[in-house]
Amino acid sequence: MTRKVISYKDGHVYEFAPNMEPIYTAKDGESITFETIDSLNKAVQSDSDLMDAIPEEVNAATGPVAVEGATPGDVLKVEIEDVRLNEEQGRVITAPEFGLLQDHEDIEHPATRVTEITKDSESLLFKDLEVPINPIIGTIGVATSEETIATLIPHNHGGNLDTTDMTTGTIAYFPVFQEGAMLAMGDSKAAMADGEMCGTGAEIGTDIDVTVSVIKDAVVDLERPLVDTGDAWKTIASAETMEDAVEMANEDLIKLLALEHDYSLTDAYLFSSLVGGLEISQVVDPLVTARNSVPSEYFSDPF
Ligand code: CA
């Protein structure tokens, strides 16, 4: 079967909602490709293109794609097989009232630095420095349970998670809230640091190969995104404060650990303090995102 390619032009969304209309319906287990554009809708092509404000329509997410058989209560499994850059430069920016140090008087808001990709596609150039390419998907998620949530915002459905683990080789799991799940993604980066302090990574268009499948009757009651990076399993939680986000991520993780090892929550909590640990995804989107990891040697596929 020819692999279906879903392009930005076929359809994209700027919000995740409870009742989304699919632009394509994939079979359970089908492998498809999402073509995405950069989060700033191609508005920034040189250092002189400045963002005076974050536009209302940002983080275009290509899709949504329905997956046959997915119903609320199921888990959508998304195997991220490859994330390829589809343009020759990225861009890292600041914008007013955006970013960790938005009130710092010595930092320019707005500012733009275009990051050219080297010919071998191995690195990007930031001024005089080379940075290895490590493409990630910034915004990835499914239909929400109740609220309509802009693609600028992360929540239990995924969305603007800006998580460096959303990359080639990772398997991401999302709770299904609507028939078909309604997967959409975009807002990729050629490289991004944990935290995404200035508000962006090297924003860039990508082609993303995934295989989507539905998990029925999961023993785990998944409330929020979960990833398996191959080396570790990580819960991902977004909240208004980092304190709340890390608390939720830890609580999600200890529930999984308790189930796997037949531990009490107390033992799972104590164990979670010994290996893996808390990680910061991003501190700049209207909600912040944290994750709690456990090395794969202590945790196996809960599905
Ligand atoms: Ca983002």
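This is a predicted model: local features need pLDDT of at least 70, side-chain atom pairs count only at pLDDT 80 or more; totals for chains, interfaces and linings use all residues.
Tutor: Residues are numbered from 1 along each chain as its sequence is written, and side-chain values use heavy atoms, with hydrogens and water left out.

Student: What makes Tyr263 and Phe271 an aromatic pair that is edge-to-face?

Tutor: Rings of Phe, Tyr and Trp (its six-membered ring) pair if their centres lie within 6.5 Å, and planes under 30 degrees apart count as stacked, over 60 as edge-to-face and the rest as tilted. A search of the whole structure finds five aromatic pairs. In the one formed by Tyr263 and Phe271, the centres are 6.5 Å apart and the planes are at 70°, which makes the pair edge-to-face.

Student: Why is Phe271 called buried, and what is Tyr263 called?

Tutor: Buried means under 20% relative accessible area, exposed means over 50%, and partly exposed lies in between (1.4 Å probe, protein chains only). Phe271 has 16%, so this residue is buried, whereas Tyr263, with 36%, is partly exposed.

Student: Which parts does the pair of Phe271 and Tyr298 tie together?

Tutor: Phe271 and Tyr298 are edge-to-face as well, with 5.4 Å from centre to centre and 70° between the planes. Because Phe271 lies in helix α2 (residues 265-272) and Tyr298 in the segment after β22 (288-295), the pair ties together parts that are 27 residues apart in sequence. Here helices (H or I, at least four residues) and strands (E, at least two) are DSSP runs, numbered from the N terminus. Tyr298 itself counts as partly exposed, at 30% relative accessibility.

Student: Why are β1 and β21 said to stand at the edges?

Tutor: Nine strands form an open sheet with mixed pairing, in the order β1-β5-β18-β7-β16-β19-β20-β22-β21. β1 (4-6) and β21 (277-282) each have a single partner strand, so one side of each is left without a neighbour in the sheet.

Student: What makes strand β6 largely enclosed by the rest of the structure?

Tutor: Seven of the seven residues of β6 (residues 61-67) are buried, and therefore the strand is described in that way. Among its partners, strand β2 (residues 12-13) pairs with β6 in the antiparallel sense over two bridges, and there the bridge partner of His12 is Thr62. Strand β4 (residues 24-26) pairs with β6 in the parallel sense over three bridges, with Ala66 as the bridge partner of Thr25. Three bridges also join β6 to strand β17 (residues 183-189), and these two run antiparallel; in β17, the bridge partner of Thr62 is Met185.

How values were computed: Two strands pair if DSSP finds at least two bridges between them.
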